[in-house]
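Colleague: I am new to reading protein models, and I would like to go through one with you, feature by feature. Please give me the general idea each time and then the case at hand.

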Amino acid sequence: MLRGLSAFPLTPITNNNVDEAAFVHLITNLVAAGVDSIGAVGSTGSYAYLTRDERRRVTELAVQHAEGIPVLVSIGAIRLDDVLAIAEDAQRAGVKAVMMAPVSYQQLNAEEVYTLYDTVTRHLSVPLCLYDNPATTGFAFTDDLLVEIAALPAVCSIKLSAVSTDPTKGKERIDDLRARLPASVTIGISGDWQAATGFAAGCDVWYSVIGGLFPEVSLALTRAAQAGNHRLAGELSDQLEPLWQLFRIHRSLRVMAAAAEILGVVGPSCLPFPLRPLAGEDKEHLHAVLKSTGLV
């Protein structure tokens with residue numbers, strides 16, 4: 001199910017409330033483009049900053065307006081009972097899958113992470129995407145632990161945080177993982193500047209931040225890679241390098257929030273407090289980058 005382009009839209013915030021109209025606009029834009037799945041209420045969707053009720057409502061809106069495109073949402077939270085409650089809300093809303101990073105205030109160890117996934121998956125009726133996000137959680141999965149958790153019956157995909165920029169090493173790692181994973185488990189890449197590299201190494205899906213706002217260019221890269229034209233996919237990624245540079249400097253969430261403001265699809269300061277989109281000279285630079293790359 002989780003293959004191709006999984007687009008992760010923002011959850012716009014206005015006056016400390018979810019801007020439902022703006023969010024629905026983002027979803028309908030993804031539907032019109034024909035993305036393969038929608039990662040609503042992910043990191044780009046500010047899931048960790050939303051209340052349970054807000055997460056439930058945004059999930060319901062995503063499913064209602066996705067027109068049959070599979071929707072997956074993050075269920076991560078610090079307390080287990082919150083994780084399970086959020087998961088139940090998501091399942092009742094009709095999501096096709098959930099995803100979870102090992103969120104914790106205290107950094108977890110490998111045994112604790114495995115126990116978390118084992119416990120949560122026992123309560124799920126939909127598949128789970130294992131979400132490796134060490135920059136946020138402070139926990140970096142080993143490939144052995146990925147394989148161990150992926151053997152749990154509910155796991156359907158692994159979202160990797162990185163693939164080696166060395167083509168040979170990248171392919172060797174993905175080939176090794178694939179040989180050790182159940183056939184039903186797909187391998188995905190995040191960190192948008194790594195998408196072409198990940199596909200060339202053998203990844204099945206791109207969990208994409210830029211895809212949540214600019215699905216057309218993201219689909220072009222994805223379809224090129226799926227057709228085996230990794231040279232074209234690499235060229236399309238290279239054309240977006242000025243944007244990738246901003247992602248690496250400011251983090252993708254701030255950049256995409258400012259880009260959405262520039263496009264006029266969200267209001268100003270659409271991120272949850274105290275986060276702020278790019279402003280001033282940084283925002284002007286972003287606007288110039290969007291023009292130079294043909295995104296506006």
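**Pockets, cavities, helices and strands**

Modeller: Let us begin with the largest pocket, which has a volume of about 920 Å³. Of the 34 residues that line this pocket, Ser-43, Tyr-131, Asn-133, Thr-136 and Arg-251 are the closest to its centre. Bear in mind that this is a predicted model, in which local features need pLDDT of at least 70 and side-chain atom pairs count only at pLDDT 80 or more, while totals for chains, interfaces and linings use all residues. Residues are numbered from 1 along each chain as its sequence is written, and side-chain values use heavy atoms, with hydrogens and water left out.

Colleague: What is a pocket, and what is a cavity?

Modeller: On a 1 Å grid over the protein atoms alone, a pocket is an open set of points with protein on both sides within 12 Å along at least five of seven lines, a cavity is a set where a 1.4 Å probe fits but cannot get out, and lining residues have an atom within 4 Å of a point. Points are joined across faces, edges and corners, and a volume is the space filled by probe spheres set on them.

Colleague: Which helices and strands each supply at least two residues of the lining of the largest pocket?

Modeller: Helices and strands are DSSP runs numbered from the N terminus, helices being H or I with at least four residues and strands E with at least two. Here, helix H5 (134–137), strand S10 (205–208), H11 and helix H12 (252–263) each supply at least two residues, and the largest share, 4 residues, comes from H5. By class, the lining has 16 nonpolar, 12 polar and 6 charged residues, where Ala, Val, Leu, Ile, Met, Phe, Trp, Tyr, Cys and Pro count as nonpolar, Asp, Glu, Lys and Arg as charged, and the others, Gly among them, as polar.

Colleague: Which residues lie nearest the centre of the second largest pocket?

Modeller: That pocket holds about 180 Å³ of space and is lined by 13 residues, of which Ser-164, Thr-165, Pro-167, Thr-197 and Ala-200 lie nearest its centre. Helix H7 (167–180) and H8 are the elements that give two or more residues to this lining, and H8 gives the most, with 4 residues.

Colleague: How many cavities of 30 Å³ or more does a search of the whole structure find?

Modeller: The search finds 2 cavities of that kind. The largest cavity has a volume of about 50 Å³, and its lining includes Arg-55, Arg-56 and Asp-89, with 4 nonpolar, 2 polar and 3 charged residues in its make-up. The second largest cavity, of about 40 Å³, has among its lining residues Phe-8, Leu-26 and Met-256, and that lining divides into 7 nonpolar, 2 polar and no charged residues.

Colleague: Which residues of helix H10 are buried?

Modeller: Buried means under 20% relative accessible area, exposed over 50%, and partly exposed in between, found with a 1.4 Å probe on protein chains only. In helix H10 (residues 230–239), Ala-233, Gly-234, Leu-236 and Ser-237 are buried. Seen down the axis of H10, these buried residues fall within an arc of 160° (taken from the directions from the helix axis to the C-beta atoms), so they line one face of the helix. The face turned away from the buried side carries the exposed residues Arg-231, Asp-238 and Gln-239. What covers the buried residues of H10 includes helix H8 (195–201), helix H9 (215–226) and helix H11 (241–250), where contact means heavy atoms within 4.5 Å.

Colleague: How should I read a strand such as S5, and which of its residues are buried?

Modeller: In a regular strand the side chains alternate between the two faces of the sheet. Both faces of S5 are covered, with Val-71 and Val-73 buried on one side and Leu-72 and Ser-74 buried on the other. Strand S4 (residues 37–40) runs parallel to S5 and is joined to it by 3 bridges, two strands being paired if DSSP finds at least two bridges between them. In S5, Val-71 is the bridge partner of Ile-38.

Colleague: Is Thr-222 buried or exposed?

Modeller: Thr-222, which has its place in helix H9, counts as buried because its relative accessibility is 0%. Leaving aside residues up to four places away in sequence, Thr-222 touches Gly-4, Leu-5, Phe-199 and Trp-206.
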